[in-house]
Amino acid sequence: MLFLRLFPSLVPLTFSLILPHSSPQPLLLILLLFFLSLQSSLVLSPLFIQSLSSSTYSLSLPFFSSFTYFYLSVFLQLFLSLRAMRWCTRRRSRTVCLSLVVASLSLHLLLIILSRSVYQNHCDAPSPRQTHLHTLRALVDTNYTSRMLDNHASYAKTPPDTRKVNSSHMDSNGPQKMSEKDAVTTKMAVKVGHGHKEEGPVDTHTMTVRVGKFGSMGIKPMGSGMSKLEALFSHPLYNMPTPPIHEDDWLLKVNYSDIGDDSAHWNRSSDSHPPWLRFHLGISRWQLYPHLDPNMAPLAQQLSTHRIVSAGKSGGTQLKLVMSFPNYGQAILKPMKQERDEETNFNLYYFSDFERHNAEIAAFHLDRVLGYRRIPPAVGRLVDVVTEIKDITTDHKLARTFFTSPVNNVCFYGQCSYYCSTEHAVCGRPQNLEASLAMMLPDTSLATRRSWRSPWKRSYSRSKLAVWEKDPDYCDTVKKTPPYNKGTRLVDLIDMTILDFLMGNMDRHHYETFEKFGNNTFLLHLDNGRAFGRHSTDEPSILTPLEQCCRIRRSTLLHLRLLSLPQYRLSDVMRDSLSHDPLFSVAPLLSELHLSALDRRLVTVLQTVSRCQERQRSRHGEGDDDVIYDDRRAVSAVSQ
């Protein structure tokens, strides 16, 4: 075989030595091309046949390496052969021609020796299971994991072998090891909520879960093809049984007497309803939308792709517009004013900050990941400033604020209290403008909302401090004041506090509830545009309600503990969730620095809860009933 590979390069040069005094170029060129084609078949055929008989992994490396060898050898043979013929036809010495022949044969022999390793190396396809286990091992064994677990006081009693997967065990028993890890995750999450481990069927009151073959209640573990977000939402903590929703617990009711003969086609889950109407009819006393709501996909599609038929000014301190769709749905648009990687100026007060479009979108995703579901769906969209705003608006004052910038970008500034001027105009590129579109809630004529002043509202002054900033026992007064003296209002406020701290939102002066449900309902987490302004620093004062009151929902604590584990790390889940937004194709909605800040702030929240539990134990001995509010028992009592 070696002679056959050497033979094609030997023949043309031999002819050039035999016929040095003639003009053999045409004949030699024909012979050269013939033997080069012969060489290509000898070189490529074995590899091509071998590649076809093996997997696709073995097709890539040897086959393309042979092409590299072939073209390199062809180039050297052409150059040296033509050079030899040129020199020999000029009656040069046979010694020179012989030297060229030796050089050609030596180089060609070297190429053949190098190419033999390509034939001998067999490229086996990596085992998908081994690849995935390697990824999981890298995820679990990161320094971040050990730092996270060490910072949690509740994990101090956990054996070290349950915190990190031993790489020596990642062999053929890898799936079993990972399922055991998932089982430990579930038991740890349950242990945090109760102070003891217990296995058995799902119990609404005790929140214990059955640990099955694949970790938890038969849910597939990480490593079975699920994304981070899917794995989190499949966890038992996100699929706890809930009491049935009574008719009075729905926000809206369809008046069938006004529909007449078409009443049979009207119900809450009818596919004939537009997505925005299904969203409105799905609002209950406990949440804006259910877990794994199938209506989220068509609703997001409407917000991001449906034709906009009108655009009008909306109230507020900064620029936002009300956008209407052909099916009568409406959404609030907030335009892009700040680049994603740009941090808020440290010289600005919290009440002077810009509102960011990506903050509204990321807040919706974070609220859903935490299991709250109290922020209306928000989606990113590229809006044509001319055809989707200027040409269709009926607001003449808004239309007069449009202008063309010196670089031919279409801009406008609208009308509002802050940052609505030529100096703070929003501009397309040249006409496309990034924006967030958040689904509007039912009109107040159908579902009245009540606005509540937050007890921990900031002073919104450059020099004055709020009462809670000066009184460390301020929460004792709040606990005696309605509606915080009973029910779930206080822990609802703590939930909102945790959300605001994670995303760095200092602008929570009021919150709203649906008046129909009275005080026994969830809080609406609206207006989150000033969140995610800074990633380099945290604002501990946002956590003051939790620090002072030392009260938290059991379900909230369990979710936070779960999101601190490496399999369900908050930053990873958020990255996965935000990747489904349409604007992700333009750029990630949150920078990696903001995602890392979420993990860092989550540690701070859990440390605060641990300090509260330690203070409780130091005062009253064992037990943390004053710290952890058993919301599952409360929901069951209300439903009965």
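Here are some notes on this predicted model, point by point.

1. **Ground rules.** The model is predicted, so to speak of a local feature takes pLDDT of at least 70, side-chain atom pairs count only at pLDDT 80 or more, and totals for chains, interfaces and linings use all residues. Residues are numbered from 1 along each chain as its sequence is written, and side-chain values use heavy atoms, with hydrogens and water left out.

2. **The main core.** Start with the largest nonpolar core, which has 97 residues. A nonpolar core here is a set of buried Ala, Val, Leu, Ile, Met, Phe, Trp, Tyr and Cys residues joined through side-chain atoms within 4.5 Å. "Buried" means under 20% relative accessible area, "exposed" over 50%, and "partly exposed" in between, using a 1.4 Å probe and protein chains only. Leu366, Phe412 and Phe514 have the most contacts inside this core. Where does the core lie? Domain 2 (140-186 + 446-639) and domain 3 (272-439) both give residues to it, so it lies between them. Those domain bounds come from an automatic or database domain assignment.

3. Take a look at Leu366: leaving out residues up to four places away in sequence, it touches Leu499, Leu502, Met503, Phe532, Leu570, Met574 and Leu598. Contact means heavy atoms within 4.5 Å.

4. Helices (H or I, at least four residues) and strands (E, at least two) are DSSP runs numbered from the N terminus, and two strands pair if DSSP finds at least two bridges between them. Strand β3 (residues 330-335) is mostly covered, with five of its six residues buried. It runs antiparallel to β2 (residues 321-324), and four bridges join the two; Ser324 stands opposite Gln330 in β3. β3 is also antiparallel to β8 (residues 432-439), through five bridges, and there Pro335 has Ala435 as its bridge partner.

5. Which strands form the open, antiparallel three-strand sheet? The order is β5-β6-β7. The edge strands, β5 (403-404) and β7, each pair on one side only. Two bridges join β6 to β7, and Phe412 has Val426 in β7 as its bridge partner. Remember Phe412 from the largest core, where it is one of the residues with the most contacts.

6. Most residues other than glycine have a negative phi, and most peptide bonds are trans. With that in mind, check Arg373, which has a positive phi of about 60 degrees; this residue is in the loop between α12 (357-369) and β4 (378-384) and is buried, at 13% relative accessible area. Tyr419 also has a positive phi, near 60 degrees; Tyr419 is in the loop between β6 (410-412) and β7 and counts as buried at 19% relative accessibility. In the β2-β3 hairpin, which has five residues between the strands, Tyr328 takes a positive phi near 75 degrees.

7. **Cis peptide bonds.** A cis bond joins Arg429 and Pro430, with omega about -15 degrees; Pro430 lies in the loop between β7 (426-427) and β8. The bond from Pro482 to Pro483 is cis too, with omega near 0 degrees, and Pro483 lies in the loop between α16 (474-479) and α17.

8. **Cavities.** On a 1 Å grid over the protein atoms alone, a cavity is a set of points where a 1.4 Å probe fits but cannot get out, while a pocket is an open set with protein on both sides within 12 Å along at least five of seven lines; lining residues have an atom within 4 Å of a point. Grid points are joined across faces, edges and corners, and a volume is the space filled by probe spheres set on the points. How many cavities of 30 Å³ or more does the whole structure hold? The search finds five.

9. **The largest pocket.** This one holds about 1300 Å³ of space. Of its 49 lining residues, Ile332, Met440, Leu441, Arg449 and Leu526 are the closest to its centre. α10 gives the most to the lining, with four residues.
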